[in-house]
Amino acid sequence: MKKIIIIAGLFLLAFTAFSQKEETNGTIYIKHPYIDVVMKANQAYLDKDNAANKVIYSDTATWWVTGMKKSIPIADAMKTWTNDFKYFDDIKSEQVGYPDYLHYVDKDYKIVQSWWLWSGKSKKTGQILKVREVMFDEFNNDGKIVRETIFGDFSKVMKDEM
């Protein structure tokens, strides 16, 4: 009888431990219009089309990439993007994997995370540089990017520009 009570108690304890209530804080999408916006922004960068990007980003958007001390206004970021083409030829930004749109219930955050392989041929050395990067684009309720944050090791790219 003791064995039955012990086994039943252990079963009840295990059942209680594994029946915790699940809680979510949003939804992850593999297809969403905001993902399309990020793809258009990437293409506009490659096409050196700042006019197209001015429609995609909010006027007050900010941009930050690894190595920067603080975010900068999107207008300054676009000038930086244009400079990439002064120092590199054959710039490519190849999608790696697939992007996700994350819609968080808490604070209604709308973020697309995407993974890229940036490459360019240095005009200075002729070397092809490649940088793996992850990008987070935050959206407002109007569907415009308000904050773009990029993580990657751009040290060789910066070194080559100097």
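This is a predicted model: local features need pLDDT of at least 70, side-chain atom pairs count only at pLDDT 80 or more; totals for chains, interfaces and linings use all residues.
Leaving aside residues up to four places away in sequence, Lys 110 touches Tyr 34, Tyr 101, Leu 102, His 103, Asp 137, Glu 138, Phe 139, Asn 140 and Asn 141. Lys 110 has its place in strand β6, and because its relative accessible area is 8%, it counts as buried, the cut-off for that word being under 20%. The side chain of Lys 110 also takes part in polar contacts, one with the side chain of Asp 108 at 2.6 Å and another with the side chain of Asn 141, also given as 2.6 Å.

From Lys 110 we may turn to the nonpolar core. In soluble globular proteins, nonpolar side chains tend to be buried together. The largest nonpolar core here has 31 residues, and those that touch the most other members are Tyr 57, Trp 63, Ile 74, Trp 81, Val 112, Trp 118 and Phe 139. Two or more residues of this core come from each of the helices α2 (33-46) and α4 (74-87) and from each of the strands β2 (57-65), β4 (88-95), β6 (110-122), β7 (128-139) and β8 (145-152). Helix α2 gives the largest share, six residues.

Trp 63 deserves a separate look. Beyond residues up to four places away in sequence, Trp 63 is in contact with Met 68, Ser 71, Ile 72, Ile 74, Ala 77, Thr 80, Trp 81, Glu 148 and Ile 150. The space in the largest pocket comes to about 530 Å³, and its lining residues divide into 15 nonpolar, six polar and five charged.

The last stop is Phe 85, which has its place in helix α4. Is Phe 85 buried or exposed? Its relative accessibility is 15%, and therefore Phe 85 counts as buried. Apart from residues up to four places away in sequence, Phe 85 touches Tyr 45, Leu 46, Lys 48, Ile 91 and Lys 123. Phe 85 and Lys 121 are 36 residues apart in sequence, while their C-alpha atoms are 9.9 Å apart in space.

Conventions
Residues are numbered from 1 along each chain as its sequence is written. Side-chain values use heavy atoms; hydrogens and water are left out. A nonpolar core is a set of buried Ala, Val, Leu, Ile, Met, Phe, Trp, Tyr and Cys residues joined through side-chain atoms within 4.5 Å. Buried means under 20% relative accessible area, exposed over 50%, partly exposed in between (1.4 Å probe, protein chains only). Helices (H or I, at least four residues) and strands (E, at least two) are DSSP runs, numbered from the N terminus. Contact means heavy atoms within 4.5 Å. On a 1 Å grid over the protein atoms alone, a cavity is a set of points where a 1.4 Å probe fits but cannot get out, and a pocket is an open set with protein on both sides within 12 Å along at least five of seven lines; lining residues have an atom within 4 Å of a point. Grid points are joined across faces, edges and corners, and a volume is the space filled by probe spheres set on the points. Ala, Val, Leu, Ile, Met, Phe, Trp, Tyr, Cys and Pro count as nonpolar, Asp, Glu, Lys and Arg as charged, and the others, Gly among them, as polar. A polar contact is a pair of N or O atoms within 3.5 Å; within protein, one must be able to donate a hydrogen and the other to accept it, and residues adjacent in sequence count only if both atoms are side-chain atoms.
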